[in-house]
Amino acid sequence: MSGDTRITGDIQVRALTKTFRTTTRRPGALGTLRSLVNPLWVTKTAVEDVTFSVAPGELLALLGPNGAGKSTTIKMLTGILVPTAGEVSVAGVVPYRERERNARNIGAVFGQRTQLWWDLPARESFAILRDIYGVPDAEHKARLREFDDLLELSSFWDTRVRHLSLGQRVRCDLAAALLHDPPVVFLDEPTIGMDVVVKEQVRGFLKHQVEERGRTVLLTTHDMTEVSRLAERVVLINDGRLVMDGTLEEIKRKFGDTWLVRATLADPEAAVSALPGIAVLQREGPRVVFGPEGSHAPTVHQALKQVIERYEVSDIALEEADLEDVMRAAYQGAALEASDVLEESAVRGGAGS
Amino acid sequence: MTAVPGVWRTARITPLGELLTPPRMTGVAVQLVIQTVLVVALWRGLYADTGPTTAGLSREQAVTYAVLAVLATRLRELDRYAGRDTVMQHMHFGTIVYWFLRPVSPRRYYALRALGDQLYGLAWAAAGYAVCLAVGVVQPPHSAGAAGAFALSLLLGQWVLYYIMLLIDQLCFWTLRNSAAMLILIFAQNLLSGVYAPLWYFPDWFVTLSAFLPFQATLNVPLSVYVGRIPLADAGPQLALQAGWVVLLAVVTRLVWHRAALRVVSQGG
Amino acid sequence: MDHRSAPWNAVRVAWRITKLNFRAQLEYRAEFLLMIAIGAIWQVSVIVFATVLLTRFSGMGGWDSADVLLIAAMRMMAHGLFVLFLGRMHALAYRVQEGVIDAFLLRPMPVHRQVQLSFFPTNAIGDLTVAVALFIGALVRSSQEWTAGRIAFLIAGVLGGMLVEAALFTAMGSASLRYPAAQYWSRWLEELLGTFGSYPLNVLPKALSWLLTFGLPLAFVAYFPAGVLTGHGSALGVPMWLAAASPLIGLGLYLLSRLLWSWSLKHYTGVNG
């Protein structure tokens, strides 16, 4: 039947901008009372001039620190929010202009917020959604079977939602979001708070949905293992602005080409100076930390060689940034120069261990 | 309109939740019995010290009115709160976004849920009515004509009530919370529709005031028609007034849905 | 910290949290103003209802209108004080479901006090405003001679009524630690107290008024103390000494309910989050 049909839909975002107008409280008790009658309005830009696209059958990770504008972007793509400026098209539909038509093309899971009915068994929620989306019965059954195989839902889908554990509930929510076979799926931190086993199961499920079923997935997460496991491409936003759009490798190259060489000198009094492309980041007695400097810095192995050749060392270790470090550098230093980023992460590295 | 089977499945969310929680149903039954017994005793007690008729209502009419009012509260007092499906909770938990992510409009979803809730409540009220009729605390309707007018008037009354409750829920889109407004509504509904005491006992100024409000259309009109305090001949204008409220409130709530959706799309819910 | 400053410290913390809670209520502007209005309007409705009954039905159970007004005033005052100081048990079942008790159990403060300090009862402002007005009205209209002893009993009666209501809702709260369905009973109980707590219970048949005395101690809230004060002592359906002991019974019931609360908390099994 529909087992091996591939469904296609893409996402196009151009110059997307969203500003909010909200009330704020005046300071002090008197101010609070005054705000009761005459609220103070402020304008805040949540998303500014963001442009990117997701090809059909691609999984894109939308990354950024908390409050960067990820959720606002997703809300505009799902048709909940109307952009202040810019253009959006999801599977050929402008979401906020044709909300209901867009709704049939998309599925969405917003982290810990469940769309299931609290008082009913999860399976009843599936049935209600089947009717709301008008999915034919046979198709619904087949899809439930498929989801059950991947997510092991049947062991708990007759339990009322209020009694489900978080992992069980989110798995049900994932199933609920995909029951109507949407070509485009939005997942806002879907695995937050889950244990490793469930996370792995969910990742397997998502991989299957992208690779076998050809769904287009836009994912936000803070879990870097998830990103490296699932995402071919990454879009990074910070302060509402797009910082970077590229593959994971490109991000690593841009923000993660950081390395540190930690050396303990045989002579604690020895004079230490910078080498070409290598800076001294920290010195405490015999312990010296070297890092790359400028755009023509050597690779970590060349640097290691140079340090050993130049100084007499009793101990030496090298560190390469893992993905978490890369992202930290990217979040903190998106606007800064590469050397500033390095200094920052080196200081943190030194203080941490 | 294509998804006809969807109607009953969305509508039965509350009843199903109740059926799956037997203690709630036991609670409802026990409370209903106690409340009815107390109300019957109170009005019989009050009439025992006074004449056979007060404010144009005989003892039997008063008791019938009061018991039907208790039963009618079942029609609306459903706990969607326990099922975390009130607008206020959806705003609180941020799950209101899902209402706007489905191919069924929030307006239609809300209406279907309410339909199911009120039909479920009607089952309770009807069962209670049958028992009360058998025991003899409630008189049968005056005539077949009165029964018909009552049924129509009750339908219109519930319709008005639905819109009033909807308006209060819609308030959440602006204030986030509506528990205070909901309390005011329940109060106004109880007082101005005749749940506490038949409106006929109230001073003239009060009756005049309530004539300008929609609440008396929800319950006082149908119950007065039932007990014969509003004669069948005079029922016409009252029914027309109820219908007028339905139309007016339908227009208003529709407008508010529109504004609410605009608000969600500009603020994000 | 020495033993004298510990309770003082607790009071200070409670006061500071209450101030913050009050500020928090101001955040939702419409809700705040409506909440005060609701307290007031709700109580006005009780007055309107009482007036209606009194004008339409002469002599409710042999009580004249001034005496019935005293019942209503005492009950409303007791209720307002209850909402202000010991309320907040109403929606506890929902809070329990949200896992709030689990969080409270982690903090170094009695859980009951944390529940009491969880939000500011804005509606109590409206409740008490109307209650005070009605109370003054009832005292002005009453033909009683207000000696020091009577005034003392009046105050004790109001406090006792507050404690009876607090005991009932503390028991409800204890139940809701375990049974979410307890919520259904809380709301019904509040309505029952509001409607049947303010009138002479001898309007009802013996069996029912007995039930509302010993089954559900509603008679002790205001009916008995007001009956003692207005000289209906012999017609209350219970021995005079029992009616006169209402304030003590309120205290006893409240202490019992707190024991029940502690016991329930000890057997609290948590919620599935």
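Which domains does the domain assignment of chain A give? The answer is two stretches: domain 1 covers 11-252, and domain 2 covers 256-352. Before we walk through them, keep in mind that this is a predicted model.

Let's begin with chain A as a whole. Chain A holds 12 helices and 13 strands. Of its 353 residues, 42% count as buried. Now look at how the chain meets itself: take the contacts between residues at least 6 apart in sequence, and 69% of those join residues at least 24 apart.

Back to the two domains. Their C-alpha centres lie 39 Å apart. They do meet, though: 10 residues of domain 1 of chain A are in contact with eight residues of domain 2 of chain A. On the domain 1 side, the elements that give two or more residues are helix H8 (224-230), strand E8 (233-238) and helix H9 (248-255) of chain A. H8(A) supplies the largest share of that side, with three residues. Sort the residues on the domain 1 side by class, and you get seven nonpolar, two polar and one charged.

Next, find the open sheet of six strands in chain A. Reading across, the order is E5-E6-E7-E3-E8-E9, and the pairing is mixed. At the edges sit strand E5 (106-110) and strand E9 (241-247) of chain A, each of which pairs on one side only. As you step from one strand to the next, the twist averages 15°.

For a parallel pair, look at strand E6 (residues 184-188) and strand E7 (residues 216-220) of chain A, which are joined by five bridges. You can pick out one spot to check this by eye: A:Val184 stands opposite A:Thr216 in E7(A). Two helices to look for pack on this sheet. Helix H2 (residues 70-78) of chain A touches strand E3 (59-63), E5, E6, E7 and E8 of chain A, and its direction makes about 155° with that of E6(A). Helix H6 (residues 166-178) of chain A touches E5 and E6 of chain A, and the direction of H6(A) makes about 160° with that of E5(A).

Now turn to some antiparallel strands in chain A. Strand E1 (residues 11-24) and strand E2 (residues 40-54) of chain A pair in the antiparallel sense over 11 bridges. Here A:Leu16 faces A:Val50 in E2(A) as its opposite number. E1(A) has another partner in strand E4 (residues 85-90) of chain A: five bridges join the two, and they run antiparallel. In that pairing, A:Thr17 has A:Ala85 of E4(A) as its bridge partner. While you have strands on screen, remember that in a regular strand the side chains alternate between the two faces of the sheet.

How many residues of chain C are in contact with chain B? There are 31, and they contact 29 residues of chain B. On the chain C side, helix H2 (29-56) and helix H9 (182-196) of chain C are the elements that give two or more residues. H2(C) gives the most, with 13 residues. By class, the chain C side divides into 24 nonpolar, five polar and two charged residues.

Notes: Residues numbered from 1 in each chain as written. Chains lettered and ligands numbered in written order. Predicted model: local features only at pLDDT ≥ 70, side-chain atom pairs only at ≥ 80, totals over all residues. Contact = placed C-beta atoms within 7 Å. Helix = DSSP H or I, 4+ residues; strand = E, 2+ residues; numbered from the N terminus. Nonpolar A, V, L, I, M, F, W, Y, C, P; charged D, E, K, R; others polar. Pairing = 2+ DSSP bridges. Domains from an automatic or database assignment. Buried ≥ 20, exposed ≤ 12 C-beta atoms within 10 Å, placed from the backbone. Axes fitted to C-alpha atoms, helices over the stretch in contact; angles between N-to-C directions.
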